[in-house]
Amino acid sequence: MELDKRVNGTTKLTGLIGNPVEHTVSPVLHNTLFTMMGMNGIYIPMKPDTDSLGNAVAGLKAAGFTGFNVTIPFKEAILEYLDVASEEVRLLGTANTVHIKDGRLIGHNTDGDGFIHAFRKQTGTDIRGKKVCVLGAGGTARALAVKLAIEGAGRICIINRTKPKADEIAEYINCSLAGVLKSGTHACTAAADSDEARCVLDRYDVIVNTTSAGMHPHTDSSPIKDDIRFLSRPIVYDVIYNPSETRLLRHARSKGCVAVNGAGMLFFQGLRSFEIWMGVCVPEKIVEDLLTEFLNYLTV
Ligand code: NAP
């Protein structure tokens with residue numbers, strides 16, 4: 001028998017707060033990163049009641065945590081407890097990463113960065129000047145649409161079944177964000193399954209699904225109709241990673257499109273959180289090795 005001596009009084013404490021958290025794969029990523037980086041740290045999932053966020057945050061601070069990730073349903077509510085919000089958090093209105101430094105809670109949002117890194121790495125394509133369609137208008141859609149605008153996408157069309165939510169994001173990009181944007185990105189919207197939406201899906205360069213349609217266990221669901229032809233052969237990126245091939249990605253692949261799931265985004269947003277907490281830059285060789293292993297692990 002060998003004693004497990006990995007955790008001791010100097011172990012850096014990190015983790016995830018969300019509800020539910022039963023299916024999270026983030027501990028696999030972060031705990032492997034601690035090992036590969038030769039760092040004494042641990043990452044654990046935590047599930048506060050939805051009305052106990054304040055108590056949970058105060059507890060993590062009092063217990064000396066270095067930082068934590070935040071997921072559904074706390075990504076907006078966490079803003080109330082931050083001492084400092086990064087520029088991305090201020091622009092996006094949500095945070096997925098909190099760094100506790102000198103007793104202060106500093107909020108970051110690494111979802112947009114994670115998506116852009118993964119997209120570039122996995123497709124070899126730069127988003128600048130591209131016509132990008134974002135399916136969905138929830139928290140992830142907002143984070144990605146704003147990041148796409150900041151990164152210089154030429155045009156962004158947000159398609160959602162509840163169109164007013166898409167309109168609100170487009171208006172934010174076209175009006176409130178206009179002063180921040182270096183390029184002349186324009187955002188527009190369409191109602192899901194409308195003629196305008198069909199036209200966009202046939203003409204745009206990149207389609208990003210941010211809806212939860214198709215996610216386990218609802219694998220028969222898709223955010224678009226089966227008769228969409230993807231005439232311009234767009235890159236289709238689905239932020240869902242479970243299952244590894246959603247109905248949307250299967251559909252896109254059958255039409256000859258490059259189809260990529262959200263495992264890479266999950267990896268890079270987590271990697272960035274780790275770097276923020278630990279104040280390190282993970283070496284490229286570790287990133288490459290771990291990315292390959294992590295993508296294999298998530299192929300189900
Ligand atoms: P959210 O705020 O609840 O938004 C969900 C969106 O999906 C809404 O626009 C909703 O439309 C739409 N939707 C839900 N079911 C649908 C259906 N059956 N058909 C068409 N549209 C549907 O959720 P979120 O926080 O943005 O998360 C969305 C997805 O992103 C989740 O699957 C999450 O796991 C994934 N995600 C992945 C990563 C990653 O690293 N890969 C990171 C963050 C999130 P309505 O507005 O009409 O209700």
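The following dialogue examines how terms are applied to a predicted model.

Student: How is the protein divided into domains?

Tutor: There is domain 1 (12–109 + 264–299) and domain 2 (112–261), with bounds that come from an automatic or database domain assignment. Their C-alpha centres lie 25 Å apart. Between them, 19 residues of domain 1 are in contact with 23 residues of domain 2, where contact means heavy atoms within 4.5 Å.

Student: What makes a space a cavity or a pocket?

Tutor: On a 1 Å grid over the protein atoms alone, a cavity is a set of points where a 1.4 Å probe fits but cannot get out, whereas a pocket is an open set with protein on both sides within 12 Å along at least five of seven lines; lining residues have an atom within 4 Å of a point. Grid points are joined across faces, edges and corners, and the volume is the space filled by probe spheres set on the points.

Student: Which parts of the protein line the second largest pocket?

Tutor: This pocket has a volume of about 200 Å³. Its lining draws at least three residues from each of domain 1 and domain 2. At least two lining residues come from each of α4 (111–123), α9 (263–278) and α10 (284–297); helices (H or I, at least four residues) and strands (E, at least two) are DSSP runs, numbered from the N terminus. Among the lining residues are D113, H117, K121, R272 and E275.

Student: How many residues of each class does that lining hold?

Tutor: The lining of the second largest pocket has 5 nonpolar, 2 polar and 5 charged residues. Ala, Val, Leu, Ile, Met, Phe, Trp, Tyr, Cys and Pro count as nonpolar, Asp, Glu, Lys and Arg as charged, and the others, Gly among them, as polar. G114 and H117 belong to the lining, and are therefore counted as polar under that scheme.

Student: How many cavities does the search find, and what lines them?

Tutor: The whole structure holds 2 cavities of 30 Å³ or more.

Student: Why is K147 called buried?

Tutor: Buried means under 20% relative accessible area, exposed over 50%, and partly exposed in between (1.4 Å probe, protein chains only). K147 has a relative accessibility of 7%, so it counts as buried. K147 lies in helix α5 (residues 139–150) and, not counting residues up to four places away in sequence, touches E88, G112, D113 and I116.

Student: Is H251 buried or exposed?

Tutor: H251 has a relative accessible area of 9%, and is therefore buried. It is placed in helix α8 (residues 247–254). Leaving aside neighbours within four places in sequence, H251 is in contact with I224, K225, D226, I228 and F230.

Student: Why is the pair of Y43 and W277 called tilted?

Tutor: Rings of Phe, Tyr and Trp (its six-membered ring) pair if their centres lie within 6.5 Å; planes under 30 degrees apart count as stacked, over 60 as edge-to-face and the rest as tilted. The search finds 8 aromatic pairs. For Y43 and W277 the centres are 6.1 Å apart and the planes are at 35°, so the pair is tilted. This pair links distant parts of the chain, with Y43 in strand β2 (residues 41–46) and W277 in helix α9, 234 residues apart. Y43 is buried at 1% relative accessible area, and W277 is buried at 4%.

How values were computed:
Residues numbered from 1 in each chain as written. Predicted model: local features only at pLDDT ≥ 70, side-chain atom pairs only at ≥ 80, totals over all residues. Heavy atoms only, no water.
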